[in-house]
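Subject: Structure handover

Hi,

Here is the structure I said I would pass on. Please have it open while you read; my notes follow below it.

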Amino acid sequence: MAKTILQGRLRHKVRSLATISLLSAHVLARRALGRPLVPEWSPLFEISNLFWRAQFNHAFALRDIAEARAYFDSLVHVLDRVPDVDVHPSRPGEPRGDWFIPRVRKGEATLLHFHGGGYSFYADVTRRFIAMLADTLGFPVFAPDYRLTPEHPHPAQIEDGLAAYRFLLSEGVQPSRLVVCGDSAGGHLTLMTLVGLRAAGLPQPAIGIGLSPWTDVGRRGASQFGNDRYDLVQGYMTLCFADWLKGGGGFGDVELSPIHQDLRGLAPLYLQAGGKEILVDMIRDFAREARDQGARMRLDVWEHMTHEFQAHGQELRESREALERLGEAIRWALAPDGVGFPAMSGTELDALRVEPALAPAGG
């Protein structure tokens, strides 16, 4: 059953509650006049997208990142049942993060999940999303609490990602049973970590998964600003997140963008995107670039969905379908014969069974 959780400072709670109340009234009134933003959306989905967009916009307007994070966490609208998951922090001496352990296991995979938030936020709603993933998929998930920008620019995040991967290997997790996945900026970190593993001489995981992954830290595609009217994340935010990621280290778009990397010899890649999110054009470009380099990969796009629509869990048909596809992809990657993951109606690129045409550089 849906419920609203208010937390933190009073002024933040009051503003957040007023925002969702006014947006709900506006959306319902507009839809009563036959003017939904997208006809295929439910009222709840439309309200949710506009609310999180408003929260992000106000957080950015605050300028102070600590204040922005506190404001963003002030209201959480929980749609799903409470995940049947135990959460345990990592032990002293281990990479900082949390284990999300489902009480009902559905297989032998272990997930290393990198959270989204533009590398700058690790919101309460994101932690709930990770718990839902662990519960739905039935696999234990280790989610590193990697260092955030703007306080810690690149290469802090890739260093923390590689450290988390090494930690899981040291814990006895076999690469053939290990899944690396991430949403949004976490999808960016997933792809960059796979490239970093190869450079470090470490084995690739069974599969890399990106949910609405950020694939180019520069400007790419009409959707980056053209889908602002639909999406909860806005085009200008990607450029701000990119500036924070670069910091003062002299790094450019090429060094920090997955689309500009050597993608040969990586683990199979499975990407999901929404057709109305701002990142969809760059995700499509990345998928084509990966395929052209000989990478094994698949891209599924849900035409009317927005950024990270999977977070709606069991309350949204498209989200349920996407989560089911994640389970299928993981089972496919772990199966010896690699069967059981057919394409769907929204599959835009399918090269999972194509072996890399060229050996990895230096391999």
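A cut-off to start with: angles under 35 degrees count as roughly parallel, over 145 as roughly antiparallel, 65 to 115 as roughly perpendicular, and the rest as oblique. Bear in mind too that this is a predicted model.

The helix pair

Helix α1 covers residues 10-32, and helix α2 covers residues 43-61. Their axes lie 9 Å apart, and the packing angle is about 140°. The two helices are therefore oblique to each other. The crossing of α1 past α2 is right-handed. On the α1 side, the contact is made by Arg15, Ser16, Thr19, Ile20, Leu23, Ser24, Val27, Leu28, Arg30 and Arg31. On the α2 side, Pro43, Glu46, Ile47, Leu50, Phe51, Ala54, Gln55 and His58 take part. Sorted by class, the α1 contact with α2 holds nine nonpolar, five polar and four charged residues.

Asparagine 57

Helix α2 also contains asparagine 57. What does asparagine 57 contact, leaving aside its neighbours within four places in sequence? The partners are Gln234, Tyr236 and Met237. Asparagine 57 has 28% relative accessibility, so it counts as partly exposed. Its C-alpha atom is separated by 36 Å from that of leucine 178, 121 residues apart along the chain.

The core

The largest nonpolar core has 111 residues. Which of them touch the most other members? They are Leu111, Leu112, Phe121, Ile209, Trp214, Leu299 and Ile330. Take isoleucine 209: its contacts include Ile330.

Serine 257

Serine 257 sits in the loop between α9 (253-256) and β9 (269-274). Is serine 257 buried or exposed? Its relative accessible area is 0%, so serine 257 is buried. Not counting residues up to four places away in sequence, serine 257 touches His188, Met192, Thr215, Asp216, Val217 and Gly218.

Glycine 226

Glycine 226 belongs to helix α7, residues 223-226. Its relative accessibility is 47%, so glycine 226 counts as partly exposed. Lysine 276 is 50 residues apart from glycine 226 along the chain, and their C-alpha atoms are separated by 9.2 Å.

Best wishes

Conventions. Residues are numbered from 1 along each chain as its sequence is written. This is a predicted model: local features need pLDDT of at least 70, side-chain atom pairs count only at pLDDT 80 or more; totals for chains, interfaces and linings use all residues. Side-chain values use heavy atoms; hydrogens and water are left out. Axes are lines fitted to C-alpha atoms, for helices over the stretch in contact, and angles run from 0 to 180 degrees between N-to-C directions. Helices (H or I, at least four residues) and strands (E, at least two) are DSSP runs, numbered from the N terminus. A crossing is left-handed if the near helix is turned anticlockwise from the far one by less than a right angle, and right-handed if clockwise. Contact means heavy atoms within 4.5 Å. Ala, Val, Leu, Ile, Met, Phe, Trp, Tyr, Cys and Pro count as nonpolar, Asp, Glu, Lys and Arg as charged, and the others, Gly among them, as polar. A nonpolar core is a set of buried Ala, Val, Leu, Ile, Met, Phe, Trp, Tyr and Cys residues joined through side-chain atoms within 4.5 Å. Buried means under 20% relative accessible area, exposed over 50%, partly exposed in between (1.4 Å probe, protein chains only).
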